[in-house]
Amino acid sequence: MPSSSSLIQGISISVSDDDEATGKVRVRVRRKRSRGPVSASARRRRILFRAAQLGVPLLLAALAVSLLLYESYRLTPSRSSTLPPPSFADISRLSRNALAADGARKSCLKFLDPEKLQNLELPEIPETNLSIKEVVYRSSLPHIDNDTPSHTENSRFNSFTGYQTLTERKESFKMKKSVTVHCGFYNENGGFRVSDVDKEYMRSCEVVVATCAFGGGDDLHQPIGMTENSIRKVCYVAFWDEVTRAAQEEEGHKIGEDLMIDLWRIILVSDLPFSDQRLNGKIPKLISHRLFPMARYSIWVDSKSQFRRDPLGVLEALLWRSNSSLALSEHGVRSSLYDEAKAIVKKHKATSEEVEAQLDQYRQDGIPDEKRFNGKKALAEASVIVRDHAPLTNLFMCTWFNEVVRFTSRDQLSFPYVLRRLRPPGVHLFPVCARKDLVNSFGHRRKVKPLVKEAT
């Protein structure tokens with residue numbers, strides 16, 4: 001029988017064949033080897049090793065959790081992008097002074113202090129030394145039949161705009177004491193009708209902040225940040241059509257008996273002249289001097305934006321202080337109209353045929369592919385336009401409007417052309433940060449409904 005052994009509490013008992021035969025059992029005690037004294041450095045190394053064994057897995061787990069949390073945050077839409085922007089009803093409940101402070105955002109424009117704004121008056125009308133003294137608007141005049149407008153098969157000229165010929169277009173860019181130019185409202189049956197009550201109100205305005213929403217587009221954002229002085233002296237006017245009024249009434253925003261919604265005076269327009277609502281919007285945007293014949297200054301604000309500054313303070317900061325006549329924002333991305341044309345086609349905001357026809361004419365007229373004009377960007381982002389209503393500025397806006405009608409509705413393309421052709425003094429292109437100082441942009445709320453057919 002082979003030998004066997006077992007270990008019981010450190011005692012080894014061995015049994016052999018001989019011992020079994022003699023009945024003797026030998027007991028052998030196994031002693032543990034004593035360990036020598038452990039040094040302090042060895043103990044530290046042992047502790048560090050054990051800590052590393054425990055800590056590395058925990059560190060890797062923490063990194064994995066952090067990575068998962070980051071990816072989840074990055075892929076989840078922000079709350080601000082999913083919530084609709086505040087309506088004017090919500091904004092009107094808030095303190096205008098609190099909203100005007102706008103947290104800790106630092107102003108890009110230097111405005112007068114509130115006390116000076118409260119006492120700010122319009123300056124005296126200056127004596128003009130410019131070559132243009134008078135702008136005469138064409139209206140139902142005999143038309144040169146042997147010089148038809150270019151691209152007549154796609155022309156959007158109508159009885160509202162008049163049918164500008166290429167010869168008339170060329171003449172409109174000549175600087176003379178008296179200039180005759182197309183500028184909308186060509187025929188009394190051309191459209192863009194407002195009531196006699198509204199006409200009388202518009203004639204009473206000396207300073208205007210204007211916006212519009214046609215086809216049920218954006219909500220009306222109440223202005224903020226103004227002084228009581230500006231509330232008394234400035235007309236806030238919003239142009240709507242019946243589609244927009246119906247859309248707003250469905251949301252509970254009704255025009256009062258005084259034709260107001262909070263600070264905005266609502267003017268309803270009927271018989272819009274274009275099927276393209278973007279073109280209808282260019283009427284109050286570009287030729288506001290035709291709507292407000294007695295006004296000296298106007299500020300245009302796109303319907304997607306909320307005006308957040310004192311209007312008289314804006315005029316002082318952007319026009320009066322620098323002796324400017326027209327101020328609008330530089331384009332935030334591009335500088336060349338030819339680069340802008342490529343972007344417009346790429347984003348499907350106009351057809352390549354429309355854009356190429358416009359660029360062909362501009363190349364023929366000698367407009368270079370340059371990114372600067374008089375040392376500054378020539379490409380503008382025209383969501384905010386601050387202007388006077390002097391003759392030269394009115395001519396600039398009329399010719400700009402005619403280019404928009406003749407070619408594409410994208411006014412960014414035609415602005416650099418008009419700027420180079422007329423070369424007016426006093427055009428101020430302010431930086432993008434200044435535009436963000438003037439308005440809060442909420443983006444477009446809903447898709448605009450086009451008109452069924454174009455008025456004749």
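Reader: Is strand 6 largely enclosed or open, and how many of its residues are buried?
Author: This is a predicted model, where local features need pLDDT of at least 70, side-chain atom pairs count only at pLDDT 80 or more, and totals for chains, interfaces and linings use all residues. Residues are numbered from 1 along each chain as its sequence is written, and side-chain values use heavy atoms, with hydrogens and water left out. Strands (E, at least two residues) and helices (H or I, at least four) are DSSP runs numbered from the N terminus, and buried means under 20% relative accessible area, exposed over 50%, partly exposed in between (1.4 Å probe, protein chains only). Strand 6 covers residues 207-213 and is largely enclosed by the rest of the structure, because the buried residues number seven of the seven.

Reader: Which residue of strand 7 is the bridge partner of T211?
Author: Strands pair if DSSP finds at least two bridges between them. Strand 6 runs parallel to strand 7 (residues 234-240), joined by seven bridges. T211 points the same way from strand 6 as V207, V209 and A213, and its partner in strand 7 is A238.

Reader: Which residue of strand 10 is the bridge partner of A210?
Author: Strand 10 (residues 297-301) pairs with strand 6 in the parallel sense, over four bridges. A210 points the other way from T211, along with V208 and C212. The partner of A210 in strand 10 is W300.

Reader: What is the C-alpha distance between F192 and F274?
Author: F192 sits in the loop between strand 5 (178-181) and helix 8 (196-203). F192 counts as buried, at 4% relative accessibility. In sequence F192 and F274 are 82 residues apart; in space, C-alpha to C-alpha, the separation is 9.4 Å.
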